[in-house]
Amino acid sequence: MTSTLTASQRYRDSFPGTVDEFAIEGLDVLDVPLHSAVLPPSPEHPGGSGLGYGATREEARTGALGEMAEMALSLRTHQGVEREQGSYAEMTRRHGRDRVTDPRTLCLEAGSAYDDDRPLQWLPMTRQRDGETVLVPAELVASAPDDLPGAPPPGGWLTTVITNGQGAAFDADRAVAHALLEVLQRDGNATSFRAMDRGVVVDLAGLRDPDALALLDRLDAAGIDVVVKLATTEFGVVDVYAVGCSRDLSEPVPVMATACGEAAHPDRDTAVRKALHEFASARSRKAFMHGPFDVVLPATPPGYLEHWRGGHPPERLVEEDRALEAMLAWTRMGTGALVELLQDSVLSRRSTVALTDLPTWSGDDLHATVTGALHATGYDVLVELQPSVGDAVAAKVLVPGLEVETMSYGRIGERGVRRLLERGDPLVAVGADPGGWARVHLTGDAEQRLGGPAWFDRVGAERRVGPLYALYREPGRHTVAEVLAR
């Protein structure tokens with residue numbers, strides 16, 4: 001019976017053929033569970049890969065196979081699917097304005113070439129509020145470049161494809177809830193951490209989750225300082241992240257000092273638990289992903305690296321020169337220099353908030369809670385379900401109006417402009433162009449609410465990020481090692 005199987009086995013049984021999986025061990029003094037799962041591409045399935053973590057080996061394996069499922073099911077869903085062609089103006093005439101998503105609500109890159117007559121390709125999503133089909137630009141539905149086989153529209157894609165808004169589970173509601181929390185996490189973080197870190201530290205007094213408390217003890221015993229920081233509690237969701245490094249700067253691979261764990265959940269203890277476990281595993285993950293082959297080899301089974309280097313499956317993250325160059329620069333720095341680079345941003349401590357003042361939640365319907373909070377504040381939730389041949393189902397979720405990738409790709413909308421204005425940040429302005437800045441793509445209503453056209457200083461943003469770019473976009477698995485081995 002399905003009910004007797006572990007969650008990891010249910011994921012495993014949802015895919016044909018062999019899944020190459022193994023525990024990643026020995027990369028860190030803090031040897032927390034980290035697991036790799038790779039579904040090689042085959043005629044039956046396009047393949048995918050995932051890394052998972054957790055308090056137990058089973059939890060880590062489930063996470064790896066779940067992440068693999070998100071990637072593999074997205075790839076499979078979009079293979080051979082015909083994308084409708086037409087500009088936003090044409091599509092609204094064809095289908096009606098209520099059935100077509102205005103690209104200006106999707107956080108486009110400031111200053112990019114877009115108007116209502118630009119040719120685009122579209123895919124359908126389902127609006128949760130009323131079950132209606134809504135068309136969305138394909139590059140916002142996709143989660144990897146391979147999700148978009150064939151030629152792009154004449155002017156190219158609107159923006160770089162990213163993995164935001166993916167979830168997997170064994171029923172649609174849980175998959176959607178998982179994906180929505182990722183969307184909310186990224187929205188809350190868009191201009192609040194990494195190079196934009198506001199230094200809001202969470203005082204963990206009153207934390208009751210036993211796994212989180214046990215991990216804090218392990219971190220302390222291993223000589224690793226960790227701090228949990230707050231991004232936001234908007235929509236009743238606690239959006240936190242955990243950062244830190246060893247006290248004696250003894251990381252065997254310097255990039256481990258940039259480990260970060262992110263989480264968003266209506267319950268503060270659950271969010272902190274997830275962020276701490278992701279942080280702990282991220283130390284090994286970063287060493288595994290970006291460390292030299294002589295470090296990675298002992299942590300992997302015989303033949304893994306040879307097989308991977310000979311023809312690995314599609315990667316989750318887009319390769320880009322800037323991310324690779326930034327990560328290579330980090331590998332040439334010692335741990336001390338890298339930590340010094342993070343002191344005024346990632347590791348900063350400027351104010352404190354009590355954990356016990358943050359939201360808590362003990363409900364049993366996460367989907368209804370999170371979706372309800374978004375609907376209540378006027379946001380639509382758009383969903384594409386991606387079923388497997390077994391129990392697993394993946395979801396891609398989009399919430400028009402929420403923010404993402406502001407400091408990496410210059411993607412910003414009304415929320416991002418308003419947040420930076422309220423903070424007095426000089427990267428945005430409303431009214432006249434301050435001089436060569438990028439205009440933010442906004443609807444007429446949004447410009448009216450803000451008081452005029454909005455502008456984003458992309459040059460200033462790039463300067464602000466500077467050598468921290470690898471905190472935003474990482475090169476793919478073992479790409480740095482390949483370059484170093486040449």
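By class, which residues make up the lining of the largest cavity? It has 12 nonpolar, three polar and four charged residues. Here Ala, Val, Leu, Ile, Met, Phe, Trp, Tyr, Cys and Pro count as nonpolar, Asp, Glu, Lys and Arg as charged, and the others, Gly among them, as polar.

Before you select anything: this is a predicted model, where local features need pLDDT of at least 70 and side-chain atom pairs pLDDT 80 or more, while totals for chains, interfaces and linings use all residues. Residues are numbered from 1 along each chain as its sequence is written, and side-chain values use heavy atoms, without hydrogens or water.

**Stop 1: the largest cavity.** The whole structure holds three cavities of 30 Å³ or more. A cavity is a set of points, on a 1 Å grid over the protein atoms alone, where a 1.4 Å probe fits but cannot get out; lining residues have an atom within 4 Å of a point. The largest cavity has a volume of about 190 Å³, the space filled by probe spheres set on points joined across faces, edges and corners. Select L140, N164, L398, V404 and R411: of its 19 lining residues, these are the closest to the centre. Next, show α4 (138-141) and β14 (393-398), the elements that give two or more residues to this lining. Strand β14 gives the largest share, three residues. Helices (H or I, at least four residues) and strands (E, at least two) are DSSP runs, numbered from the N terminus.

**Stop 2: the second largest pocket.** A pocket is an open set with protein on both sides within 12 Å along at least five of seven lines. This one holds about 710 Å³. Select D102, T105, P400, G401 and T443, the closest to its centre of 30 lining residues.
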